[in-house]
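Please walk through the model below with its accessibility, its helix packing, its charged pairs and its nonpolar cores in mind, in roughly that order.

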Amino acid sequence: RLDEITGLDLERIKQELRKKIVRGKDPDDKDSADRYMADASIKHVLVLFRCIFNKSVAWGLHSGANPIKGVKMPVPQNQRERWLTTEEAKLLLARLKDRSPQWHDITLICLQTGMRASEIFSLRGYDLDFDQESINIDDTKNKHPRKAFMTSSVKEILMQRNPENPGDLVFKNKDGEKITEVSRTYDRTVNDLGFNKGITDTRQKVIFHTTRHTFASWLAIQ
């Protein structure tokens, strides 16, 4: 029962989650080996409980203080520190162009606009304003729409991929549907280039989000 759950119970859950082993996705990929649950994932579990408890109070199903208030939330240390040099970015784009033109285009757009992968996956024809050379982004994470500006390379790619029906997706998976996750092609290309060789700190590993971090780093340098 909700009224039987205490802060101590949640502390015990937090400690048990710290011991939880998360299975790697690909047994043939050394970079997806088993690991302990990350602080960010543990925090998600506790935040979910907080939301459930608060909703029960809002709906009149329970009264009393939320026991999560006495629990110290984990502080994730997952800020990305790695970014690509211009030479590394050129190598990555060149290799991707040979393997998957679509993932070359998605990566280049991220590098030159700073858009999130999910935002690129969600792009539809009506989001593209070629006259103003801008992209309209429905930023669901920060709850406010914003714009990204097209470089000449990004504009050229999007004009080529602009769907006839404005409501259609710009990028689709092999089944013609919305892309939901980064392709293994990207990860394999990064590994083949040796960008993550010998690196164990996840903050220093090159993943797709590194391209967004690279955009911001290049801006800061300029």
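A residue is called buried when its relative accessible area is under 20%, exposed when that area is over 50%, and partly exposed in between, as computed with a 1.4 Å probe on protein chains only. The model is a predicted one, in which local features need pLDDT of at least 70 and side-chain atom pairs count only at pLDDT 80 or more, whereas totals for chains, interfaces and linings use all residues. Residues are numbered from 1 along each chain as its sequence is written, and side-chain values use heavy atoms, with hydrogens and water left out.

The protein has 222 residues, of which 35% count as buried, and its C-alpha atoms fill a box of roughly 60 × 45 × 40 Å along the principal axes. There are 8 helices and 5 strands, where helices (H or I, at least four residues) and strands (E, at least two) are DSSP runs numbered from the N terminus. Read from that terminus, the order of the elements is α-β-β-α-α-α-α-β-β-β-α-α-α.

Helix α3, residues 86-99, packs against helix α4, residues 101-113, at an angle of about 150° and with the axes 6 Å apart; here the axes are lines fitted to C-alpha atoms, for helices over the stretch in contact, and angles run from 0 to 180 degrees between N-to-C directions. Since angles under 35 degrees count as roughly parallel, over 145 as roughly antiparallel, 65 to 115 as roughly perpendicular and the rest as oblique, α3 and α4 are therefore roughly antiparallel to each other. On the α3 side the contact is made by A89, L92, L93, L96, K97 and R99, and on the α4 side by P101, W103, H104, T107, L108 and L111. Sorted by class, this contact holds 8 nonpolar, 2 polar and 2 charged residues, with Ala, Val, Leu, Ile, Met, Phe, Trp, Tyr, Cys and Pro taken as nonpolar, Asp, Glu, Lys and Arg as charged, and the others, Gly among them, as polar.

The charged pairs come next. Side chains of opposite charge can pair when their charged atoms come close. With a salt bridge defined as a side-chain nitrogen of Lys or Arg within 4 Å of a carboxyl oxygen of Asp or Glu, a search of the whole structure finds 11 of them. One of these joins D192 to R99 at 2.4 Å, N to O, and it links distant parts of the chain, with D192 in helix α7 (residues 184-192) and R99 in helix α3, 93 residues apart. Both ends are partly exposed, D192 at 47% relative accessibility and R99 at 38%.

A further salt bridge, between D105 and R161, spans 2.7 Å from N to O, and it connects helix α4, which holds D105, with helix α6 (residues 152-161), which holds R161, across 56 residues of chain. In this pair D105 is buried, at 10% relative accessible area, whereas R161 is partly exposed, at 24%. Elsewhere, salt bridges with shared partners join R116, E119 and R146 into one network.

What of the nonpolar interior? A nonpolar core is a set of buried Ala, Val, Leu, Ile, Met, Phe, Trp, Tyr and Cys residues joined through side-chain atoms within 4.5 Å. The largest such core has 34 residues, and L92, I106, I109, M115, I135 and L158 touch the most other members. Two or more residues each are given by α3, α4, α5 (117-121), β4 (134-137), α6 and α7, with α4 giving the most, 6 residues. Leaving out residues up to four places away in sequence, I135 touches T113, M115, L123, D127, L128, R146, K147, A148, M150, V154 and L158. Another core, of 9 residues, lies apart from the largest one and includes L10, L17, M37 and F53.

The walk ends in helix α8, residues 209-221, which contains S217 and also T214. T214 is buried, with a relative accessible area of 0%, and, its neighbours within four places in sequence set aside, T214 is in contact with W83, L84 and L111. S217 is likewise buried, at 11%, and its C-alpha atom is 9.7 Å from that of E81, 136 residues apart along the chain.

Methods. Contact = heavy atoms within 4.5 Å.
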